[in-house]
Amino acid sequence: MITGKTKVYGLIGNPVAQSFSPFIHNMLADELNIDMTYVTFPVATGNLHNAYQGMKALGVQGMNVTVPYKADIMNEIDFIDEEAKNIGAVNTLVYEGASIRGYNTDWIGLLRSLKRNGVTLENKKVLIIGAGGSARATAIMCAKEKALTMTIANRTVSKATTIAEVVQSKYDIKVAVLSVREAEVLHEFDIIFQTTPLGMVPKTDACPIEVAACLEKAEVAVDLIYNPGETKFLKSARINGCKTINGLEMLFYQAVKAFELWNDLEVPLEVQDRCLEIFEEAVRNK
Ligand code: NAP
């Protein structure tokens, strides 16, 4: 029950009404008997500064930040976590004493999803298709986890080059940059990450690759999209014998990590597993 003592957390972005985050956070709070509630705050263009100040003035205890403010919020906050700096995006605001620190939990969500599926990155040759915000989080994760080689392929090759430069300046890994047409015919990748919105509902016929040669020898294909559960890209990967992972667990685990940061705890594994199952069921029935 919400009382005068209930702590408030929330999500700022635009749009936010469709977000699954309230479902996940309020479920975790119920499971762990934590007196908090999580709501969404749509923030209109030009209002980010006021929204941030308002959050502090109203005593909102922590925030998630989503599109289109993940980069702009970095101009507002007091401290930025190292990985969030390297990724260039903050999705979680945490009070540390009187100041607010920004974290990026997307890469941790993706990493936990891979681990849960028995996938490791060390010494693997990875291909990342796309060069937007989520590609950058994927690239930092792969570098931190000691992938052997990394190739980034994007429609706009210069954006892939920018990510490659950031990754190589921070980590001991060689990053190659190709066009998607060049990468899709190569047989040299162990794990392929699809990070573009191509294939997402309602345009489920779209796929970033035209030729599936790169999937023939790959062991694992990951699509950050979760709606539909199996994109055209993942279907092709499955047919080519890859283990396939969609973005739903990433979404769930990035929320779990934010929840852990806010409450200074680790959500027990059995609670995570139970909540993930309930979440997956809710998404299926939506
Ligand atoms: P973003 O920053 O806008 O980047 C989009 C990338 O996709 C860019 O590299 C862009 O290429 C490429 N792209 C877009 N339309 C394209 C097209 N028609 N043909 C070829 N390439 C195209 O987006 P993002 O934030 O990285 O998000 C990307 C996807 O990941 C979305 O579907 C999002 O839902 C998903 N995502 C999932 C999670 C999760 O928790 N599961 C978290 C974050 C994101 P250019 O550089 O050439 O424009």
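Which residue in strand 11 is the bridge partner of Ile 191? I looked it up in this predicted model, and the partner is Val 220.

**Strands 10, 11 and 12**

I began with strand 10, residues 191-194. Strand 10 runs parallel to strand 11, and four bridges join the two. I then turned to the other pairing of strand 11, with strand 12 (residues 243-245). That pairing is also in the parallel sense and spans three bridges. Val 220 turned up again here: its bridge partner in strand 12 is Lys 243.

Next I checked the side chains of strand 11, residues 220-223. Val 220 and Val 222 point one way, while Ala 221 and Asp 223 point the other way. Buried or exposed? I found all four buried, Asp 223 included.

For strand 4, I traced the partner to strand 6, residues 99-103. The two run parallel and are joined by two bridges.

**The ligand shell**

I counted 20 residues around the ligand. Ala 131, Ser 134, Asn 154, Thr 156 and Gly 247 come nearest. By class, the shell holds nine nonpolar, nine polar and two charged residues. Helix 5 (133-144) supplies at least two of the shell residues, and so does helix 10.

Ser 134 brings a polar side-chain atom to 2.6 Å from a ligand oxygen. Gly 133 uses a polar backbone atom, 3.0 Å from a ligand oxygen. Lys 159 has a polar side-chain atom at 3.1 Å from a ligand oxygen. The ligand on its own has 930 Å² of accessible area, and the protein covers 72% of that.

**Glu 249**

I finished in helix 10, residues 248-263, where Glu 249 sits. Why does Glu 249 count as buried? Its relative accessibility is 10%, and the cut-off for buried is under 20%.

Beyond its neighbours within four places in sequence, Glu 249 is in contact with Gly 109, Ser 113, Arg 116, Asn 117, Leu 276 and Glu 280. With Asn 117 there is a polar contact, side chain to side chain, of 3.2 Å. I also checked the spacing to Leu 276. Glu 249 and Leu 276 are 27 residues apart in sequence, yet their C-alpha atoms are 7.6 Å apart in space.

How values were computed. Residues numbered from 1 in each chain as written. Predicted model: local features only at pLDDT ≥ 70, side-chain atom pairs only at ≥ 80, totals over all residues. Heavy atoms only, no water. Buried < 20%, exposed > 50% of the residue type's maximum accessible area, 1.4 Å probe, protein only. Polar contact = N/O pair within 3.5 Å; in protein donor to acceptor, adjacent residues only side chain to side chain. Contact = heavy atoms within 4.5 Å. Near = heavy atom within 4 Å. Areas by Shrake-Rupley, 256 points an atom, 1.4 Å probe, with all protein chains shown as cover. Nonpolar A, V, L, I, M, F, W, Y, C, P; charged D, E, K, R; others polar. Pairing = 2+ DSSP bridges.
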